[in-house]
Amino acid sequence: MAFGLAITLVLGMIGMMATPANATTTIVVAKDGSGNFTSVQAAINAVPGGGARSLIEIKPGTYDETVSLPAGKPNLTIEGTTGNAADVVIAAGHAAWMTKPDGTPYGTAGSATVTLAANNVTVEDVTIANTYDPTAFPQGYSQAVAINAEGDRQVFTGDRFTAQRAHELGMVN
């Protein structure tokens, strides 16, 4: 009896040790404050580094922001919660000629609304839009990228990408 109990305890402890490595951290983004964060970038900043699996669930709304996922945060899924990409929109309006706060130009890759530098990233049911309006500026038409997908093994399912001209999707590497 004691031998069986010892095996059960050891196997139970092995199971508990294995669980955290397989666990997924879930972070909820909601504009109305009902989630963990109100911006997608704040949620990405909270994702643990080092390859831990993470899920960012985004509730409906338009998130007016530029989003950047660094290479050190792989194994991330970004998911719209409704299953309809039109309900969850990440939008920003930068063009290649525009200048960043530090005074340097964005450039084509830098004009992206979303930049994903990490590997093993999945984006589901989200619209990513570069809302640059060339008629609002004397410079007119310019590169204005919706997504800059730099990492390996990135999967996009049920998403929408919108931008001016043919510069909707940029893959720079």
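Reply: Start with polar contacts: a polar contact is a pair of N or O atoms within 3.5 Å, where one must be able to donate a hydrogen and the other to accept it. Keep in mind that this model is predicted.

Me: Which backbone nitrogen atoms does the side chain of aspartate 159 reach?

Reply: Its side chain reaches the backbone nitrogen of valine 126 at 3.0 Å. The side chain of aspartate 159 also reaches the backbone nitrogen of threonine 157, at 3.1 Å.

Me: Where is aspartate 159 in the chain?

Reply: Aspartate 159 sits in the loop between strand E11 (154–157) and strand E12 (160–162). If neighbours within four places in sequence are left aside, aspartate 159 is in contact with Ala85, Val123, Glu124, Asp125 and Val126.

Me: Is aspartate 159 buried or exposed?

Reply: A residue counts as buried when its relative accessible area is under 20%. Aspartate 159 is buried and has no salt bridge. A salt bridge needs a side-chain nitrogen of Lys or Arg within 4 Å of a carboxyl oxygen of Asp or Glu. Here the nearest side chain of opposite charge, arginine 160, is 8.8 Å away.

Me: Now the nonpolar core. Which residues of the largest one touch the most other members?

Reply: The largest nonpolar core has 25 residues, and Val40, Ile56, Ile58 and Leu116 touch the most other members. Among the elements that give two or more residues to this core are strand E1 (25–29), helix H2 (40–46) and strand E2 (54–58). H2 supplies the largest share, 3 residues. Apart from this core lies another, of 5 residues, including Ala95, Met98, Tyr106 and Ala144.

Me: What does isoleucine 58 touch?

Reply: Not counting residues up to four places away in sequence, isoleucine 58 touches Val29, Val40, Tyr63, Ile78, Glu79, Gly80, Thr81, Val88 and Ile90.

Me: Last, how should I read phi?

Reply: Most residues other than glycine have a negative phi. Asparagine 120 has a positive phi, near 60°. Arginine 153, which is not a glycine, also has a positive phi, of about 55°.

Me: Where do asparagine 120 and arginine 153 lie?

Reply: Asparagine 120 is in the loop between E7 and E8. Arginine 153 is in the loop between strand E10 (147–149) and E11.

Me: Why is asparagine 120 called partly exposed, and arginine 153 exposed?

Reply: Asparagine 120 is partly exposed because its relative accessible area is 29%. Arginine 153 is exposed because its relative accessible area is 54%, and the cut-off for exposed is over 50%.

Notes:
Residues are numbered from 1 along each chain as its sequence is written. This is a predicted model: local features need pLDDT of at least 70, side-chain atom pairs count only at pLDDT 80 or more; totals for chains, interfaces and linings use all residues. Side-chain values use heavy atoms; hydrogens and water are left out. A nonpolar core is a set of buried Ala, Val, Leu, Ile, Met, Phe, Trp, Tyr and Cys residues joined through side-chain atoms within 4.5 Å. Buried means under 20% relative accessible area, exposed over 50%, partly exposed in between (1.4 Å probe, protein chains only). Helices (H or I, at least four residues) and strands (E, at least two) are DSSP runs, numbered from the N terminus. Contact means heavy atoms within 4.5 Å. Lys and Arg count as positive and Asp and Glu as negative; His and the chain ends are not counted.
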